[in-house]
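Subject: Structure for you to look at

Hello,

Here is the structure I said I would pass on.

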Amino acid sequence: MKAENEIIEIANERLNEKYYKIKHSSGLTVFVFPKQDYKSSYAIYGTNFGSIDNHFIVDGQEIRVPDGIAHYLEHKLFESKDGDAFTKYAKTGANANAYTSFEKTCYLFSCSSNLEDNLKILLGFVQNPYFTDETVAKEQGIIGQEIRMYDDSPDWRVMFNLLEGMYHNHPIKIDIAGTVETIAEITPKKLYQCYNAFYTPHNMALCVVGNAQPEEVLKLVDEFVKPVPEKKIERIYPDEPIDVVKDYVEQTFPVLIPMFQLGFKADGSVKLDEKRAAGCEVALFAFASNSSPMYKQLMDEGLINESFGYEQVEMNGVNAVLFSGESQNPKRVAEVIRKHVRSALKNGIDPEEFEIAKKAVYAQYALELNSVQAIGGGLIGCEFSGRELFKCIDAISALTLDEAQDMLAFLLNPDRCTLSVVKGDD
Amino acid sequence: MNKFNSRELCPGVYLNSVPDGRFKTGKILVDMYLPLIEDTAAENALLIQLLGRCCERCPDYLSLNREMNSLYGALLSTSCSKIGDFQQLSLSISALDDRYTLFGEKLSGKLIGLLCDLIFRPRLEGEAFVSEDVEQERRKLLETIQAEINEKRSYAISQCVKLLCEGDKVAVDKYGSAEAVSALTPEQLYKAWINLKQRALFNITVVGELDVDFIGESFKAEIEKSPRQPYDKKITPLVAVDEIKEKTERQKVMQSKLVMGFSLDNKNNTRYSLKLMTLVLGGTPSSKLFLNVREKKSLCYYCAANNNSHKGYLLVDSGVEKQNIEQTREEILNQINEMKNGNITDFEIEAAKLAMAQTCGMITDSIGAMADFFAYQFFDDEILTPEQRAEAIASVTKDEIVKAANSVELKAVYILTGDDEEGEQQ
């Protein structure tokens, strides 16, 4: 007897949108977000498995895998006994890709017709791993080239130098693709171990957005994704002290203008629900947007340019904020930012800036609802973080100044930060 | 099918609109075209930054940013690029659609007013821009120029274009030189602004649910205050030389870049046959370059072809290990020869056509892609919708592809690579 799929409709009246969240009988979470009058569709199929998941216990067995294996697995999954998935997509014309981040691996495509055929390809290759000694060895070259390309990217270097300066033990400090040495240790057996542990329906989600309806998606999921007993995965992360490793790291690089990242380390054990996540976003906008007092001082002193920005980083065991940009004087930038952090913690966020920030952050979410790709990315990100997309949007307009202030204090501690600089030889 | 309307408001000023109620935002894009010449490139590049910085009504960047953020974080952006023989200065604004504001605020009517304020009423001191504004924007532009070298892939491509098109307008740097930027005066920039109003070609593109007639009338009323003598809307094709120019540049890089520049005959081939030829060669994951140079021979991490339909040239760019440069170069030429000899499978052609049809279908669901798609056709004889473009590409025959391929001739080879010592260490 077939188990039932459980379908929930989730709507947002203000933005005139709705989507379906389905707990499929296999254990897979499926999202279908129809976009009225859109011609195109976007599908993203992801597993909650990324570069930081390099040590885990599954079926009572403790496993340590080489750095970079999640990314390697992503590359290899495209191959199957009957050819690679790109060749199959070539017959439909879909624009297909995949990526691996710190905490997830996602396979995706966009198309403006043939949704059913494309979904079959996507579900088919992700469900059917095929790793042999020969195919695994062949990929070393291409991934080695990819690693070298990142070695030449100052943005990438400045970020990983920063993470090494901030984190003592957490695997966030390890390059997502690993190193030429660690990927040499990858074997078909290790790839299958990871696949069998993390590529199970309970640990995955599928989102289909655009010109799509739940019935047609579910029909294919029924066909391709079979129920398997839920596996208990225990991810092991090393203990991480709350303090940073060092407050300054520097690398010389052939750049003409120095690049910097200033990272603030917050308590990584705290999980952010919708309200707290909204608080973080609004507080950071009020604190660091291009109309903030901090931005004004940095600009007036000639310390930053348009490349200045900030990003909140959140994953298992990590909460952090990174400020980044180009500057002739990164140390002074760090000093100014820290000074403004102290002042904002002491005096509070300006109420007027707070109201402006709420509207701007709300509009950023509304803007994302234009794009099938942004919606798909948003749904899968929310799912793996334990949040719901529309609740996140509603939490913004409901947010109070005190709540935002609390999150600012949570995120930014001027005594727990690291400055990373990449600069030329002189 | 998208509704698309285009008309000439007054000499040299065009208004395009794509009315579309599906989006949460609306966008107005103003592109301004001036001849790309060594003597004026720097002043125009700095001018567009000054126009985007402030105006009489918002006399500093902070008050302008605050105004934008109060309009639900409306996004204002400026850019300077090149298209054929022209320097393209762009100013765009996108904002939340009135239907979705939290308290029923109407934002749409304010957008064109703000754009007109920025273009036609900048902050001036007599017949000059304000020197403190000039100094800040000059610093930012110099830093942008310095940072270009950080993006190795785009840096290598621009160096190859310079080599290939030496002596042609398209070889001029879009920002001019750092020396020229350093020497600019506030008076000179004022003259550049007067010239912009009197002689530039203006192309306004509006996407979303905005009042196009109001936008057109507002802009026309402003532009007609200046005596107009617009530049000729004409691009001269590249005149190719009879030699192959070669240049090798050494920097501290782990991965080398090989960029090859080819001339094309864009008089006796349609832009659609040139485009399809380029796609079959190296425009998709099922192209000859991707499948053979990257996948089969594992010579490089990426290898892609792009053609410039306005000037008539083709670039093939790749990221390779130093020891593979020569072999990659041979294999790229080999793949082009295959095409010249008609060794193209039906599958390769169909895959490229399908990819193009899918891409065109997806454009219509993105507000930004749609604005760019129509704006990019400014210099073309006829403006096509995405659907029409896909149809035009679909009707290209194999013979036409082979004919287009036979016009491809190698003219320039640019290599960016590491010093010898580093190469040996690898």
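Predicted model: local features only at pLDDT ≥ 70, side-chain atom pairs only at ≥ 80, totals over all residues.

Residues are numbered from 1 along each chain as its sequence is written, chains are lettered from A and ligands numbered from 1 in the order written, and side-chain values use heavy atoms, without hydrogens and water.

Chain A has an open sheet of seven strands in the order 1-2-3-11-4-10-9, with mixed pairing. Strands are DSSP runs of E with at least two residues, and helices are runs of H or I with at least four, numbered from the N terminus; two strands pair if DSSP finds at least two bridges between them. Strand 1 (6–12) and strand 9 (95–100) of chain A are the edges, each pairing on one side only. Within the sheet, strand 4 (residues 41–47) and strand 10 (residues 105–111) of chain A are antiparallel, paired over seven bridges. A:Ala43 has A:Phe109 of strand 10 as its bridge partner.

B:Gln358 sits in helix 12 (residues 346–363) of chain B. Is B:Gln358 buried or exposed? Its relative accessibility is 2%, so B:Gln358 counts as buried (under 20% relative accessible area; exposed is over 50%, partly exposed in between; 1.4 Å probe, protein chains only). Leaving out residues up to four places away in sequence, B:Gln358 touches residues including A:Thr92, A:Cys111 and A:Asn114 (contact means heavy atoms within 4.5 Å).

Regards
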